[in-house]
Amino acid sequence: MLEVGLQCEVSKVVQMEDTAAKVASGLLDVFATPMMIALMEKAAYTLVQDHLAEGDSTVGVEIGAKHVKATPVGTTVKAIATLTKIEGRFLTFSVQAFEEDGTLIGEGTHQRCIINSQKFIDKLNKR
């Protein structure tokens, strides 16, 4: 059952394909902001997926994040999502990202909406 306060942590080692230079968000070989955000979203998605009815999932609908520190290739980074609010089908999370030594590299909020996967795809295909 979904409840406020649930947390999930996911991690990855920063690879060259995760850099700003590779994802066209900058010129440097450092962990790209879009990749940090993707890791934050993965933490939120992973947190709720096992708590949903069969056939349901979530889609991201809003994110606000600050990227406060550059991270080099080869560093392990982790994202932690904490469920902070449940309003009907809408779930709000506090999200944070850290380097392996615990240094904060990013933080923000993220909102996801619970959907029935098949109905979502059927509606999309009717467009």
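Colleague: In which helix does F120 lie?

Modeller: Helices (H or I, at least four residues) and strands (E, at least two) are DSSP runs, numbered from the N terminus. F120 lies in helix α3, which covers residues 117–125. This is a predicted model, in which local features need pLDDT of at least 70 and side-chain atom pairs count only at pLDDT 80 or more, while totals for chains, interfaces and linings use all residues. Residues are numbered from 1 along each chain as its sequence is written, and side-chain values use heavy atoms, with hydrogens and water left out.

Colleague: Does F120 count as buried, exposed or something in between, and why?

Modeller: Buried means under 20% relative accessible area, exposed means over 50%, and partly exposed is in between (1.4 Å probe, protein chains only). F120 counts as partly exposed because its relative accessibility is 37%.

Colleague: Which residues does the UniProt annotation "binding site" cover?

Modeller: UniProt positions are given in the numbering used here, with feature names shortened, and annotations may be inferred rather than shown by experiment. In this case the "binding site" annotation, which comes from an unreviewed UniProt entry, covers G60 and R112. The two are spread over 53 residues of sequence, and yet they cluster in space, with a largest C-alpha distance of 4.3 Å. G60 has its place in strand β2 (residues 56–67), while R112 lies in strand β5 (residues 104–116). G60 counts as partly exposed because its relative accessibility is 40%, whereas R112 counts as buried because its value is 5%.

Colleague: With which residues is G60 in contact, leaving aside its neighbours within four places in sequence?

Modeller: Contact means heavy atoms within 4.5 Å. Once the neighbours within four places in sequence are left aside, G60 is in contact with E41, H110, Q111 and R112. With residues up to four places away in sequence not counted, R112 touches a list of residues that includes E41, A44, Y45, G60, R89 and F93.

Colleague: How many salt bridges does the structure hold?

Modeller: A salt bridge is a side-chain nitrogen of Lys or Arg within 4 Å of a carboxyl oxygen of Asp or Glu. The structure holds four of them, and one joins the side chains of E41 and R112, with 3.2 Å from N to O. E41 lies in helix α2 and R112 in strand β5, so this pair ties together parts that are 71 residues apart in sequence. E41 counts as partly exposed because its relative accessibility is 26%.

Colleague: Where do E99 and K69 lie, and what does the pair tie together?

Modeller: The side chains of E99 and K69 meet in a salt bridge at 3.4 Å, taken from N to O. E99 lies in strand β4 and K69 in the loop between β2 and β3, so the pair ties together parts that are 30 residues apart in sequence. E99 is buried, with a relative accessible area of 8%, whereas K69 counts as partly exposed at 35%.

Colleague: Which side chains meet in a salt bridge at 2.9 Å, N to O?

Modeller: Those are the side chains of K12 and D18. K12 is partly exposed, with a relative accessible area of 25%, whereas D18 is buried at 3%. T75 itself lies in the loop between β2 and β3, and T75 counts as buried because its relative accessibility is 10%.

Colleague: Where is T103 found, and which residues does T103 touch?

Modeller: The place of T103 is in the loop between β4 (90–99) and β5. Leaving out residues up to four places away in sequence, T103 touches K69, A97 and F98. T103 and T71 are 32 residues apart in sequence, and their C-alpha atoms are 10.0 Å apart in space.

Colleague: What is the phi of A24 near?

Modeller: Most residues other than glycine have a negative phi. A24 has a phi near 65 degrees, a positive value in a residue other than glycine. A24 is found in the loop between α1 (20–23) and α2 (33–49), and A24 counts as exposed because its relative accessibility is 71%.
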